[in-house]
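Hi,

Here is the structure I promised to pass on. My notes follow below it.

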Amino acid sequence: MEPTQDPAATPDPATVQEDWDQRYAGRDALWSGEPNGALLTEVAGMAPGRVLDVGCGEGADALWLAARGWDVTALDVSRVALDRAARQAAQRSLQVTWLHSGLVEADLPAGGFDLVSAQYPALLRTGNNAAEQALLHAVAPGGVLLVVHHAMPAGHEPQDQAPVDMRAYVLPGDIAAALDGDWAVEVNETRPRSVTAGAGAHHVEDVVLRARRLR
């Protein structure tokens with residue numbers, strides 16, 4: 001995730017969409033085209049089921065999951081990104097439900113997914129924890145929530161050293177704090193990341209949160 005908008009004020013959905021559409025339109029491909037490594041590691045051994053890919057971008061994760069038998073719903077605010085993803089799906093004869101929406105605005109079934117995957121999501125923090133609750137509510141009993149984000153170096157001061165203040169965005173720690181007795185945390189750790197292509201390749205560590213909904 002590489003957000004560009006000023007987090008001092010919450011932008012409306014149309015502004016967010018326009019910003020991301022412009023960013024995608026500025027390059028033939030924004031990301032590497034490869035599925036995220038943490039997804040491959042954490043999903044290994046899971047039986048395919050219904051999966052929600054939050055902030056799917058150009059669709060690498062969604063297509064990887066669909067090719068392995070998952071029933072995939074993939075959402076993103078950028079129509080440009082979704083169109084690219086849909087073309088890739090058609091070329092590979094893969095079936096994915098593409099949803100043009102932000103997470104909070106999406107009309108998602110409560111408990112509708114066996115896996116909810118949010119890889120580097122650009123989810124704005126709100127006073128009512130809307131994004132965190134939307135992620136949790138989408139997971140079916142017995143299902144898994146997987147959230148991956150870039151780790152910030154120790155002593156990092158976001159407002160001085162980054163184009164945006166990442167404290168305005170939902171991070172894995174915020175989601176972990178929202179989990180109650182209905183959840184079991186299976187993984188909550190920082191691990192090395194090695195990506196050589198695409199936006200975000202300069203990040204060297206990820207925070208990985210995997211939690212299972214018990215009921």
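**Overview**

Of the 215 residues in the protein chain, 47% are buried; buried means under 20% relative accessible area, exposed over 50%, and partly exposed in between, with a 1.4 Å probe and protein chains only. This is a predicted model, in which local features need pLDDT of at least 70, side-chain atom pairs count only at pLDDT 80 or more, and totals for chains, interfaces and linings use all residues. Residues are numbered from 1 along each chain as its sequence is written, and side-chain values use heavy atoms, with hydrogens and water left out.

The protein chain has seven helices and seven strands. Helices (H or I, at least four residues) and strands (E, at least two) are DSSP runs, numbered from the N terminus. Along the sequence the pattern reads α-α-β-α-β-α-β-β-α-β-α-α-β-β.

The protein chain exposes about 10,200 Å². Carbon and sulfur atoms supply 48% of that area. Accessible areas come from the Shrake-Rupley method with a 1.4 Å probe, and for residues only the protein chains shown count as cover. Take the contacts between residues at least 6 apart in sequence: 71% of them join residues at least 24 apart. Contact means heavy atoms within 4.5 Å.

**The sheet**

In what order do the seven strands of the open sheet run? The order is S3-S2-S1-S4-S5-S7-S6, and the pairing is mixed. Two strands pair if DSSP finds at least two bridges between them. Strand S3 (96-100) and S6 are the edge strands, and each pairs on one side only. From one strand to the next the twist averages 15 degrees.

Strands of a sheet pair through backbone hydrogen bonds, either parallel or antiparallel. Here are some of the pairings:

- S1 and strand S2 (residues 71-76) are parallel, with five bridges. Arginine 50 stands opposite aspartate 71 in S2.
- S1 and S4 are also parallel, over four bridges. Leucine 52 stands opposite valine 116 in S4.
- S5 and S7 are antiparallel, over seven bridges. Histidine 150 has aspartate 206 in S7 as its bridge partner.

S1 is largely enclosed by the rest of the structure, because four of its five residues are buried.

**Helix H3**

S1, helix H3 (residues 60-67) and S2 make a right-handed β-α-β unit. A crossover is right-handed if, with the strands pointing away from the viewer, the path from the first strand over the helix to the second runs clockwise.

H3 lies across S1, S2, S3 and S4, and runs at about 155 degrees to S3. Axes are lines fitted to C-alpha atoms, for helices over the stretch in contact, and angles run from 0 to 180 degrees between N-to-C directions.

Six of the eight residues of H3 are buried, so this helix is largely enclosed by the rest of the structure. They are Asp61, Ala62, Leu63, Trp64, Leu65 and Ala66. Their cover includes helix H2 (37-43), S1, S2, helix H4 (79-91), S3 and S4. After H3 comes glycine 69, with a positive phi near 95 degrees.

**Helix H5**

Helix H5 (residues 130-138) is mostly covered, with seven of its nine residues buried. Those seven are Ala130, Ala131, Glu132, Ala134, Leu135, Leu136 and Ala138. Among the elements covering them are strand S1 (50-54), strand S4 (113-119), strand S5 (139-150), helix H7 (172-178), strand S6 (183-192) and strand S7 (205-213).

Which residues form the tilted pair? Rings of Phe, Tyr and Trp (its six-membered ring) pair if their centres lie within 6.5 Å; planes under 30 degrees apart count as stacked, over 60 as edge-to-face and the rest as tilted. By this rule the count is one aromatic pair. The rings of tryptophan 20 and tyrosine 24 have centres 6.1 Å apart and planes at 40 degrees, so the pair is tilted.

The two are four residues apart in helix H1 (residues 13-25), which means about one helical turn separates them. Both tryptophan 20 and tyrosine 24 are buried.

Tyrosine 24 has a relative accessible area of 2%. Not counting residues up to four places away in sequence, tyrosine 24 touches Leu30, Trp31, Gly57, Glu58, Ser78, Val80, Ala81 and Arg84. Alanine 81 is 57 residues from tyrosine 24 in sequence, yet their C-alpha atoms are 6.4 Å apart in space.

Best wishes
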